[in-house]
Amino acid sequence: MVRDLYMFSRVNEEADVIWFKVAYENTVHSEADITSFFAEKGLDIRFAYLDSSEDPTKGKYVMFTEAEKGRDIGSIAEELEKMDVVLSVKWGYSKNRAIQSVDFPLQLLGKRAVIIRAKTFVDIINIMNEQVPQSEGLLTMIGIRNGAGAARYMQEMVEMNDDNFLGLLGELLMAAGWGKIEYDINIFELTGIVRMKDSFLADEYGESDVPVCVYISAFLAGYISECLKKTVQVRESKCKSMGDEVCEHVISAAPSGVKIEHLLRGELH
Amino acid sequence: MIRQPNAILGNNRLLVTMGKKGEIFGYYYPGRDFAQHVEDSQSCLYDGKGVIWSNSREWVADQKYIENTNVVSTELAHPNGLKMNILDYVHPRLPVLVRKYKIRSEKRFSGKFFYYSNLQVGEMKKKNSAFCDYDSGLVAQYWKNYYIGISSTPIFKEWQIGKAMDTIWWTNAKYDMEDGELQRNNEDIGNLNCAVGWNIDIDASKSADFTVYIGAASRRTTLYRRMREIQTETPESIYNDVQENWIKWLSKKKLLELPDYIGFETFKQELQAAFNRSLLTLSLLSDPIKGSFVASPEFDHEFEMCGGYGYCWNRDSAEIVLSLLRSEYPEYCSRFFKWCKNTQMHDGSWFQRYWLDGNTAPSWGNFSFSTQIDETGSTIFAMDQYYRTLKHPVKEEFLDSVWATVLSAAEYLMRRTADGVHDPCICLWETHSGIFTYTNAAIYAGLLSAANMAMDYNEKGLADRWTERAEFIKKTTIERFWLDEGYFARGITNGHLDTAIDASIMGTFVPFNMLSPEIPEEKAMIQSIIENIEKQLRVPVSDHFGIKRYVDDNYIEGNPWIVTTLWLSKALLEMASVIDHTAGETENREHRKLTHDALKYIQWSLKGTTSAGMLPEQVNKYTGRPAWAIPLCWSCALMLDNILLLDKIQRKINSSKKEIEDTGITYDIFRLS
């Protein structure tokens with residue numbers, strides 16, 4: 001997975017911020033050699049990451065450095081590229097010193113991804129709620145599709161089973177910044193609870209008289225249904241926006257063999 | 001959602017618009033404008049893993065009409081070897097769409113065939129109700145007095161009435177089809193969708209055939225009766241009746257005498273086909289009782305990017321009925337003018353646009369300063385054109401019936417042109433506010449037309465008064481708006497002379513004849529207008545160029561329009577038609593050039609049709625593909641006019657062939673240089 005990189009630079013106004021993207025041959029000493037090179041040249045590494053997950057024989061070392069203005073960075077880069085372990089070097093100035101992306105476009109779950117603020121997401125939901133009839137149904141359909149899609153991707157990437165699929169979901173949601181989950185689910189009876197701490201929707205939404213995380217409920221329903229190949233319904237019973245400590249999503253089996261007309265007539269108990 | 005159709009079909013009671021992969025975009029019953037009952041309606045195949053929708057990207061589609069009919073054939077081929085052929089037609093009498101599916105596969109295929117619909121009966125997403133009466137083989141959905149029913153041959157094996165948009169998502173029929181099983185529930189209410197399904201198990205040598213009937217009615221019992229009645233006929237016999245009906249209807253048309261155009265190979269056949277298709281299209285877009293026409297089947301119901309097209313504008317309809325009259329379908333005139341009588345406003349004018357039943361439509365022309373005065377002029381002009389074709393005693397009867405309408409309209413035009421040009425209003429494109437050359441020409445023609453009918457009605461005083469005003473308008477328009485550059489200004493906008501060139505200034509010649517090609521000075525003016533329009537409004541695409549409406553047109557990217565392009569070619573052909581091409585080499589050359597240029601524009605317009613041959617409003621300026629309103633009645637009317645003029649020219653040539661042979665002058669007027 002390629003991860004995007006950005007930083008807010010609030011450092012020395014007299015210095016330049018320079019980014020490097022170094023492709024290297026993956027040996028046990030490659031990263032150390034490159035880091036030493038930067039130290040020798042007096043380039044202060046402020047932020048960096050390494051990634052050799054895509055191809056074990058090669059790695060990528062992305063860093064942001066500071067150097068006094070006027071340094072001949074081109075020569076340094078040329079010298080860096082001549083190192084035995086280095087395959088190629090790209091570099092540039094972070095001109096505006098606020099935010100800089102080196103890897104573009106961003107990829108997540110095998111697809112093009114973008115970063116949006118939670119506020120933007122909540123704004124979209126709020127506008128849907130205000131303007132679109134049956135917005136809750138619409139959000140449910142979107143969440144179901146997204147949750148099921150995430151499950152399908154994860155199934156391609158890792159060996160998923162009844163024991164690990166919720167753990168993987170927890171990691172995914174935390175990595176995506178949505179929130180941290182704890183769960184207690186009986187996958188045979190299709191009953192249980194998923195609790196989400198610091199739900200980005202509830203946090204950003206603010207106070208509400210009703211639960212606001214219907215999109216997350218639907219995402220969970222789509223994900224769990226796809227993993228278990230059984231249809232579950234998920235409803236949010238507690239929500240941080242309502243003053244609860246955490247958001248709580250109740251899992252249950254979708255009524256099977258129950259036809260809607262029975263519900264309408266009150267024949268279901 | 002905005003979706004432009006590739007084909008339309010219907011009968012007197014039903015209009016259906018369809019995408020290029022056989023998806024139903026619009027299902028209009030009982031009017032052509034209201035109500036549109038379908039949000040989504042199409043088939044899919046379940047292959048044991050998932051559903052393959054008939055409109056998914058992988059299918060390669062070939063859609064066309066069965067010649068001389070409103071029967072649509074859609075052939076879909078999937079890379080996995082599946083083939084889906086759909087033959088769509090509407091019963092000759094009943095408001096029932098017949099969808100005949102034939103599924104083939106290059107290898108054995110086992111799975112299911114589903115037909116899915118998201119109906120919004122009565123244009124209502126909410127408060128719908130649906131049920132499946134399996135004993136009757138019917139899924140029905142209704143709202144108030146609108147009923148839509150789906151039945152099939154063979155009868156479907158499974159079904160589902162689902163919630164289209166709800167948190168109880170597992171009841172959604174679209175979702176539930178993905179597991180290959182439908183829930184067989186009986187009924188539901190709200191925002192609904194539904195699906196019916198059959199098992200399918202075919203090998204390479206066999207096909208699976210399903211016929212889906214989608215019918216409409218205003219009562220439940222009527223729906224049941226209709227859906228039972230249609231099952232008493234075979235799809236094949238209905239098809240034969242439909243084909244025969246359309247061919248019979250088309251046989252009334254004016255027979256054309258078109259030559260083989262050298263340099264335009266197969267063009268004669270294309271013109272014949274375009275003539276027929278335009279007629280067939282217009283026949284579907286008219287209210288058969290009221291006589292009004294939609295400008296185009298509605299495709300922007302929410303007015304997301306425009307004001308919508310599914311309404312009747314007098315301007316458009318006046319052009320349409322005259323084209324149909326010339327094509328020898330005069331009944332459209334009589335019906336439309338009766339409608340005009342009933343819809344005229346108290347002040348003698350007509351509203352911007354109407355529902356087909358005569359109610360005023362959603363409008364941004366509710367005031368005297370925001371109305372479009374040209375529509376009143378166009379209506380009276382068309383009325384007189386029709387009147388002139390009538391014979392005793394029908395002629396007198398018609399005049400008696402419309403005289404009050406004509407009088408009221410003419411007096412309205414008089415009141416609004418006291419200064420020799422009209423009071424400020426909105427232009428024909430509904431873009432600018434002010435005083436316009438085109439609108440003045442329409443009023444000029446309207447007043448002269450009223451004067452002609454007044455003379456016959458023994459109202460000479462009125463006729464003189466209206467004629468005098470018409471001439472005053474002509475004089476004032478030329479004095480104030482003719483530019484040294486050799487064309488009319490658009491008019492006055494924002495209090496200033498607006499010298500931007502606008503294709504609508506062609507209206508001074510065609511259709512309103514304020515300028516005559518038979519008066520040398522005016523002929524020179526017409527030629528200069530045409531030259532300037534060609535020079536300044538050409539948009540190169542599709543190996544030639546089309547004409548856009550005006551400079552700086554930013555409506556839907558400022559594309560070239562079929563309307564303005566065929567309007568120009570019509571003007572060229574009108575010019576050619578008054579030239580005696582046998583008079584000498586100069587006349588012959590001029591005649592040849594005018595006709596040749598017109599043919600190039602017509603050819604360009606035909607390149608802009610959909611694969612099924614629908615003429616759009618516009619052509620995408622980058623791709624040459626049909627754009628925006630499809631089909632547009634005004635485009636169809638102008639196509640008819642152009643072809644009828646080619647016919648007129650050819651008849652003239654044929655009658656003078658002998659003379660030409662005697663003088664040794666070539667009559668090969670269409671050879672490319």
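## An exposed pair of turns

Asn513(B) is partly exposed, with 17 other C-beta atoms within 10 Å. The scale runs like this: a residue is buried with 20 or more other C-beta atoms within 10 Å of its own, exposed with 12 or fewer, and partly exposed in between, with C-beta atoms placed from the backbone. Asn513(B) has a positive phi of about 55°, although it is not a glycine. It is found in the loop between strand E21 (496–498) and helix H11 (520–537) of chain B. Helices (H or I, at least four residues) and strands (E, at least two) are DSSP runs, numbered from the N terminus.

Asp543(B) also has a positive phi, of about 65°, and is not a glycine. Asp543(B) counts as exposed, with 10 C-beta neighbours inside 10 Å. Its loop lies between strand E22 (538–541) and strand E23 (544–547) of chain B.

## The model

This is a predicted model: local features need pLDDT of at least 70, side-chain atom pairs count only at pLDDT 80 or more, and totals for chains, interfaces and linings use all residues. Residues are numbered from 1 along each chain as its sequence is written, while chains are lettered from A and ligands numbered from 1 in the order in which they are written.

The pLDDT is the predictor's confidence in each residue, from 0 to 100. Chain A has a mean pLDDT of 88, and 91% of its residues reach 70 or more. Among the elements of chain A, H8(A) has the lowest mean, 69, and strand E8 (residues 191–197) the highest, 97. Where pLDDT is low, the predicted coordinates should not be read in detail.

## Cores

A nonpolar core is a set of buried Ala, Val, Leu, Ile, Met, Phe, Trp, Tyr and Cys residues joined through C-beta atoms within 7 Å. The largest one has 247 residues. Those with the most contacts inside it include Val16(B), Tyr444(B) and Met506(B). Leaving aside neighbours within four places in sequence, Met506(B) is in contact (C-beta atoms, placed from the backbone, within 7 Å) with Ile529(B), Ile533(B), Trp567(B), Leu568(B) and Ala571(B). A second, separate core has 15 residues, among them Phe20(A) and Ile76(A).

## Strand E4 of chain B

Strand E4(B) covers residues 38–46, and eight of its nine residues are buried. Two strands pair if DSSP finds at least two bridges between them. E4(B) pairs with strand E10 (residues 109–119) in the antiparallel sense, over eight bridges. Gln42(B) stands opposite Tyr116(B) there.

E4(B) also pairs with strand E5 (residues 51–53), again antiparallel, over three bridges. Here Tyr46(B) has Val51(B) as its bridge partner. The hairpin of E4(B) and E5(B) has four residues between the strands, and Gly48(B) takes a positive phi near 100°.

One runs from Tyr29(B) to Pro30(B), with omega near 0°, and Pro30(B) is in the loop between strand E3 (24–28) and E4. The other joins Phe34(B) and Ala35(B), with omega about 5°, and Ala35(B) is in the loop between E3 and E4.

## Where the chains touch

How many residues of chain A are in contact with chain B? There are 13, and they meet 13 residues of chain B. Helix H4 (135–157) and helix H8 (260–264) of chain A each give two or more residues to this side. H4(A) gives the largest share, six residues.

Note on methods: Two residues are in contact if their C-beta atoms, placed from the backbone, lie within 7 Å.
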